[in-house]
Amino acid sequence: ASCNACVAFTVIAAAESAYALGARRAATYLDFSEQALFFCNNDIAARPPDCNAGWVLPDALHVLSQRGVRQERCYVYDVTRGAAVCGPAGAEERDTLPGGEDANSSSGTSSGTSGSGDSGSSSGAGSSTAAGAAAPSVCDSVPGRWEVVAREWYGVESANATAAKEMVAGTGSAMTCFKLYADMYSHPGGVYRWDGESAWLGWHCAQLVGWSDDGGWWLFKSSWGTEVADKGFFKVAYGEAEVLAWGVYGLIWRP
């Protein structure tokens, strides 16, 4: 089964980077759950995600700022199960998981409120633990406060490359979208440029992790796996595929 869940993968990748930066630890062993973000929050999603229609970054980030993130090992990505992992049956499975050191090693449960605003606004969710409360389960939301940073514009003509670079430098990565062409799936590596013939399939969102002004490209971490492009990383030439057309978003994690 397939699912247009690139927004969830993008947001979770950025969350892992933001947590690593805020906690001053390597992101190598962090593994947050796309399944929980995509399938387990329809009750608060402004426009619930759908495997056919996909999702949009502002809505996914609103959910994350409200509910936080959970561990992949508790909510393993499996499109065929969908929201079944969120209910009682999923809870029974999670109760059998062993403990261990991970992002939930400090006490706290995720709660809080988020705000919304115009371009450049931020929102966040906090965490708190009542005195004497039991230590959280490894499958609870990862403790901490998530802040969403937005730099929004509409149309490639209004895209602000400087703001995108500042977002990557300031928060560790950025989230944005670009036009998806059929030949991207078979791109062998190097810098992508549309061949002028391959069909436009829609939009793809990905984590922006770098750039090269000398080389003239943006560097993305994609959700397509290591077989595509440069072992899971994807370079798109400046001016191609309407990169940044919908703005850029960042995440900040605070204890």
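In this predicted model, the lining of the largest pocket comprises 18 nonpolar residues, six polar residues and one charged residue. The volume of this pocket is about 500 Å³. The structure also contains four disulfides.

**Largest pocket**
- Among the 25 lining residues, C3, N4, A5, C6 and W203 lie nearest the centre of the pocket.
- Two or more lining residues come from each of the elements α1 (6-23) and β7 (200-212).

**Disulfide C3–C51**
- C3 is bonded to C51, with an S to S distance of 2.1 Å.
- The torsion about this S-S bond is about -85°, so the link is left-handed.
- C3 precedes α1, whereas C51 sits in the loop between α2 (34-39) and α3 (57-67), 48 residues apart.
- C3 counts as buried because its relative accessibility is 17%, under the 20% limit.

**Disulfide C40–C86**
- C40 and C86 are joined at an S to S distance of 1.9 Å, and the link is left-handed, with -80° about the S-S bond.
- C86 is partly exposed, at 28% relative accessibility.

**Disulfide C177–C205**
- C177 and C205 are joined at 2.0 Å, S to S; the torsion is about 85°, so this disulfide is right-handed.
- C177 belongs to strand β5 (residues 174-181) and C205 to strand β7, so the bond ties together parts 28 residues apart in sequence.
- Both C177 and C205 are buried.

- Counting bonded cysteines along the chain, the pattern is 1-3, 2-5, 4-6, 7-8.
- C6 takes part in no disulfide, and the nearest cysteine sulfur, that of C205, is 4.6 Å away.
- C6 is buried, with a relative accessible area of 16%.

Methods: Residues are numbered from 1 along each chain as its sequence is written. This is a predicted model: local features need pLDDT of at least 70, side-chain atom pairs count only at pLDDT 80 or more; totals for chains, interfaces and linings use all residues. Side-chain values use heavy atoms; hydrogens and water are left out. On a 1 Å grid over the protein atoms alone, a cavity is a set of points where a 1.4 Å probe fits but cannot get out, and a pocket is an open set with protein on both sides within 12 Å along at least five of seven lines; lining residues have an atom within 4 Å of a point. Grid points are joined across faces, edges and corners, and a volume is the space filled by probe spheres set on the points. Helices (H or I, at least four residues) and strands (E, at least two) are DSSP runs, numbered from the N terminus. Ala, Val, Leu, Ile, Met, Phe, Trp, Tyr, Cys and Pro count as nonpolar, Asp, Glu, Lys and Arg as charged, and the others, Gly among them, as polar. A disulfide is a pair of cysteine sulfur atoms within 2.5 Å. Buried means under 20% relative accessible area, exposed over 50%, partly exposed in between (1.4 Å probe, protein chains only).
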